Amino acid sequence: MSSLNLINLNKIYDHNVQAVYDFNLDVNDGEFVVLVGPSGCGKSTTLRMIAGLEDITSGQLIIDGKDVTKMPPKDRDIAMVFQNYALYAHMTVYENMAFSLTLRKENSDLIHTKVMAAAEILGLTNQLNKKPKQLSGGQRQRVAIGRAIIRNPKVFLFDEPLSNLDAKLRNSMRRELLLLHKKLNATIIYVTHDQTEALTLADKIVCMSMGYVQQVGTPLELYEHPKNLFVAGFIGLPSMNFIDVQITEDGKMVCPSFEYQLSADHQRLLKDYVGKTVVFGIRPEDIVEDGDIDFKVKINENLGQSTLVHGLAKEKKLVCKFKRWCAYKQNDMIKIGFVEEKMHFFDKETTNAITEAHNE
Ligand code: ADP
């Protein structure tokens, strides 16, 4: 398996459409990296540059220490798995999986051994004689993955591989992919717009917006310490609540909906923002049913182990997630508060998180 270094990659399409700006990333051997972001942010373009399916406008792509920036796709030793499976309809599962090795005129015993081994890993042993149309969506996706495994590539690239599956199948395929990654110890770069997939699958997440990398880090780093408003809002479901607040001289944050006494730590953090407006961020699960803030319930959404409570703090819409079965009715008035150590603050102008590092 392999490592990759993406150095200042830029992609400019015809008519000066720039899809990717200064993309920098190191991928370690055996790492599962997920590129995540909304549609059109440049994820697929980046993946396709790695595969060699798009020219790299500027920058350098290194695989295992070797510069492959200008190398044709077939020489890069990379396997790509697509959303639409791209299976050959007239071939059996066996023939589909064997295809790339047959094309290379590999010895048929070797092909057989490899196909059987991949089928075993993917639970396809009893499906080998079927045609793709006789398979479920999940099985087809597994065949597509099997075809990649058989090539024993340096790097696996996945482009939204679970998007065509229904919700239940997507969840089970996600777990299968995790197990597969453990079994193969493969280097994987995986593209998705789904933040849940990113959080559950990745060793390392690359969160993108409008062609720019916004943050690179572990799922926990992005969840707990989002670097800016974009990442804070994109990672996490339901999204983080954002409220414009004024920081006052007497250590409060104030908005039309509430006044809130800040802790000494938060006052220190925000000392340069006294008299200014910052964006306060709080995740739904970090709002508690205990505090001084009046909150009018609008919708009570039971999820089983928790309840999403949508409502208003005066005029401001907020979503709370309480870890119990709540039975609030519309217009019930409750009191809420915030978990101190889970409060986030963002500079309104730069949109960057205000952190201790900012004060050093
Ligand atoms: P994502 O995978 O995140 O949805 P893409 O990488 O497909 O995003 O696209 C990024 C941007 O590049 C989009 O604005 C898209 O319209 C543009 N783009 C993608 N492919 C082409 C192309 N072949 N020619 C021109 N623009 C393109």
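Helix H1 (residues 43-51) is largely enclosed by the rest of the structure, because seven of its nine residues are buried. Buried here means under 20% relative accessible area, exposed means over 50%, and partly exposed is whatever falls in between, with a 1.4 Å probe and protein chains only. Helices are DSSP runs of H or I with at least four residues, strands are runs of E with at least two, and both are numbered from the N terminus. The model is a predicted one, in which local features need pLDDT of at least 70 and side-chain atom pairs count only at pLDDT 80 or more, while totals for chains, interfaces and linings use all residues. Residues are numbered from 1 along each chain as its sequence is written, and side-chain values use heavy atoms, with hydrogens and water left out.

The buried set in H1 consists of Lys43, Thr45, Thr46, Leu47, Met49, Ile50 and Ala51.

With a cut-off of 4 Å between a residue heavy atom and the molecule, the shell is made up of Tyr13, Ala19, Pro38, Ser39, Gly40, Cys41, Gly42, Lys43, Ser44 and Thr45. H1 supplies the largest share of that shell, three residues. By type, the shell splits into four nonpolar, five polar and one charged residue; in this scheme Ala, Val, Leu, Ile, Met, Phe, Trp, Tyr, Cys and Pro are nonpolar, Asp, Glu, Lys and Arg are charged, and the others, Gly among them, are polar.

A polar side-chain atom of Thr45 sits 2.5 Å from a ligand oxygen atom, and a backbone N or O atom of Gly40 is 2.7 Å from an oxygen atom of the ligand. For Tyr13, a polar side-chain atom lies 3.3 Å from a nitrogen atom of the ligand. Taken alone, the ligand exposes 560 Å², and the protein buries 58% of that; these areas come from the Shrake-Rupley method with a 1.4 Å probe, and for residues only the protein chains shown count as cover.

Aromatic side chains are worth a look too. There are eleven aromatic pairs in the structure, where rings of Phe, Tyr and Trp (its six-membered ring) pair if their centres lie within 6.5 Å, and planes under 30 degrees apart are stacked, over 60 edge-to-face and the rest tilted. Tyr21 and Tyr212 form a stacked pair, because their ring centres are 4.2 Å apart and their planes are at 5 degrees. Since Tyr21 belongs to strand E2 (residues 17-27) and Tyr212 to strand E10 (residues 212-217), this pair ties together parts 191 residues apart in sequence. Tyr21 is partly exposed at 25% relative accessibility, and Tyr212 is partly exposed at 41%. Phe156 and Phe158 are stacked as well, with centres 6.4 Å apart and planes at 20 degrees; both Phe156 and Phe158 are buried. Elsewhere, Phe258, Tyr260, Phe280, Phe338 and Phe345 make up one aromatic cluster.

Back among the helices, the buried residues of H2 (residues 93-103) are Val93, Asn96, Met97, Ala98, Ser100 and Leu101. Their cover includes helix H3 (108-122) and H4, and H2 is followed by Lys105, which has a positive phi near 55 degrees. H4 (residues 137-150) contains Gly137, a partly exposed residue at 24% relative accessibility. Leaving out neighbours within four places in sequence, Gly137 is in contact (heavy atoms within 4.5 Å) with Tyr85, Leu165 and Leu169. Its C-alpha atom is 16 Å from that of Arg175, 38 residues away along the chain.

Asp332 sits in the loop between strands E17 (316-322) and E18 (333-338) and is partly exposed, at 27% relative accessible area. Beyond four places in sequence, Asp332 touches Phe295, Lys296 and Val297.

Overall, the protein chain has ten helices and 19 strands, and its C-alpha atoms fill a box of roughly 80 × 45 × 35 Å along the principal axes. Of its 360 residues, 48% count as buried. Among contacts between residues at least 6 apart in sequence, 66% join residues at least 24 apart. The accessible surface of the chain comes to about 17,700 Å², and 50% of it belongs to carbon and sulfur atoms.

Conventions. Polar contact = N/O pair within 3.5 Å; in protein donor to acceptor, adjacent residues only side chain to side chain.
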